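User: I'm new to this one and would like to go through its pockets. Can you put it up?

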Amino acid sequence: MPSTAQVGFVGLGTMGGHLAGHLHKFSQERHSRPALVWNRSPEKAVRHAEVHGTTAVASLGDLSACTILCLCLSTTADVEAVLAQIPLERGALVIDATSGDPEQTKALAAKLLAERGIRFCDAPVSGGPSGAEAGTCTTMLGGGTPEDVAAASELCDRWSKKVVHCGPVGAGDATKCINNVLNSAHLLLATEGMLALKSYGVDPATALEAINGGSGMSLQTTRLPDNVLSRKFNFGFALGLMRKDCNIAGALVGSQTPSATLIPRVVELLGEAEAEFGSDADYTQVAQLLEKRAGVEL
Ligand code: NDP
């Protein structure tokens with residue numbers, strides 16, 4: 001019996017383009033049909049179809065038959081605006097890979113279910129563009145019913161080395177914003193440490209070689225040589241998006257643990273870096289903010 005399931009993807013940006021490629025392979029294997037893709041700038045959808053074999057649709061309404069719809073957009077507000085334009089059928093499952101705002105996501109999911117019978121899981125990812133391409137992301141899943149979680153996990157497995165069900169809807173986004181504020185904090189800390197060492201006469205590359213074999217190591221100390229010391233600053237994650245995630249984390253921490261001191265400072269520094277370099281700068285340029293203030297270049 002031919003499958004009636006149709007899967008679709010909205011948002012073919014730096015991350016979504018890769019995730020949609022994995023979704024397409026899932027669709028071909030499971031349902032013997034291409035995934036439908038849509039992007040606000042239509043040329044990205046046309047190009048995706050040429051490269052991956054997906055079917056580019058011209059309008060959001062063309063996605064209305066999707067029983068599973070994935071999105072990877074900039075913010076939860078974008079997700080809400082897009083979903084309002086797709087007349088999905090009752091019972092459809094939305095899997096949102098956007099790094100969203102947990103409170104907005106909870107409200108959106110409740111509204112979709114109550115008013116339209118649409119199910120929703122938040123499924124933000126960590127792993128960057130290379131992880132998305134290789135299918136080695138970690139997905140932080142928020143979802144209510146066991147059926148929704150099982151269906152979303154099966155799909156997210158296609159682009160993840162690990163899928164962790166963090167709790168009900170919103171828990172994925174909450175976990176992801178804390179993940180990203182930690183990522184930024186580690187980058188800022190490593191940069192501050194290297195600036196002091198350079199001023200003291202220790203070569204940062206040599207110091208990192210030692211630290212990466214020591215207890216001060218973090219993902220950021222391992223990435224610093226390529227992202228910062230090389231002066232490339234091209235990880236592929238926009239500073240404006242990282243600032244968005246840190247702001248979400250700041251609001252979460254402010255509401256849950258107002259005694260916190262370090263995370264609010266990281267949030268401030270991300271805002272100061274965005275004011276200095278603009279939203280489209282690479283997020284690794286936060287290091288340059290500290291360099292500028294120290295009057296030292298790594
Ligand atoms: P991009 O800017 O590359 O892509 C954003 C996508 O969203 C584009 O397809 C864009 O369309 C679309 N979009 C934005 N606003 C709207 C809107 N109002 N209506 C319709 N489409 C819209 O961002 P990324 O791929 O880097 O990031 C996407 C999400 O993934 C973000 O939430 C980000 O925080 C998260 N993320 C990013 C990582 C990274 O390393 N880049 C890592 C992990 C998570 P258009 O092409 O027309 O602009």
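**Pockets and ligand**

Analyst: This is a predicted model. The second largest pocket has a lining made up of Leu 182, Ala 185, Leu 188, Leu 189, Glu 192, Leu 262, Ile 263, Arg 265, Val 266 and Leu 269.

User: Which helices each supply at least two residues of that lining?

Analyst: Those are α7 and α11, the latter spanning 262–277.

User: What volume does the second largest pocket have?

Analyst: About 210 Å³ for the second largest pocket. For the largest pocket the figure is about 1000 Å³.

User: OK, over to the largest pocket. How many residues line it, and which lie nearest its centre?

Analyst: There are 43 lining residues, and Met 15, Cys 72, Leu 73, Ser 74 and Leu 241 are the ones nearest the centre of the largest pocket.

User: Which elements each supply at least two residues there?

Analyst: The helices α3 (76–83), α5 (128–134), α7 (171–200), α9 (219–229) and α10 (239–256) do, and so does the strand β7 (125–126). The largest share of the lining of the largest pocket is six residues, and α7 provides it.

User: What about nonpolar, polar and charged in this lining?

Analyst: The lining of the largest pocket has 17 nonpolar, 19 polar and seven charged residues.

User: Where does the ligand sit?

Analyst: In the largest pocket.

User: Which residues come nearest to the ligand?

Analyst: Thr 14, Met 15, Asn 39, Ser 41 and Lys 44, out of 26 residues around the ligand. Met 15 is also among the residues nearest the centre of the largest pocket.

User: What is the distance from Lys 44 to an oxygen atom of the ligand?

Analyst: An N or O atom in the Lys 44 side chain is 2.6 Å from a ligand oxygen.

User: How much of the ligand's accessible area does the protein cover?

Analyst: The ligand on its own has 900 Å² of accessible area, and the protein covers 87% of that.

User: Which helix gives the most to the shell around the ligand?

Analyst: That is α10, with three residues. Helices α3, α5 and α10 each supply at least two residues of that shell. By type, the shell around the ligand has ten nonpolar, ten polar and six charged residues.

How values were computed. Residues are numbered from 1 along each chain as its sequence is written. This is a predicted model: local features need pLDDT of at least 70, side-chain atom pairs count only at pLDDT 80 or more; totals for chains, interfaces and linings use all residues. Side-chain values use heavy atoms; hydrogens and water are left out. On a 1 Å grid over the protein atoms alone, a cavity is a set of points where a 1.4 Å probe fits but cannot get out, and a pocket is an open set with protein on both sides within 12 Å along at least five of seven lines; lining residues have an atom within 4 Å of a point. Grid points are joined across faces, edges and corners, and a volume is the space filled by probe spheres set on the points. Helices (H or I, at least four residues) and strands (E, at least two) are DSSP runs, numbered from the N terminus. Ala, Val, Leu, Ile, Met, Phe, Trp, Tyr, Cys and Pro count as nonpolar, Asp, Glu, Lys and Arg as charged, and the others, Gly among them, as polar. A residue is near a molecule or strand if one of its heavy atoms lies within 4 Å of it. A polar contact is a pair of N or O atoms within 3.5 Å; within protein, one must be able to donate a hydrogen and the other to accept it, and residues adjacent in sequence count only if both atoms are side-chain atoms. Accessible areas come from the Shrake-Rupley method with a 1.4 Å probe; for residues, only the protein chains shown count as cover. A molecule sits in a cavity or pocket if more than half of its atoms lie within 2 Å of its grid points.
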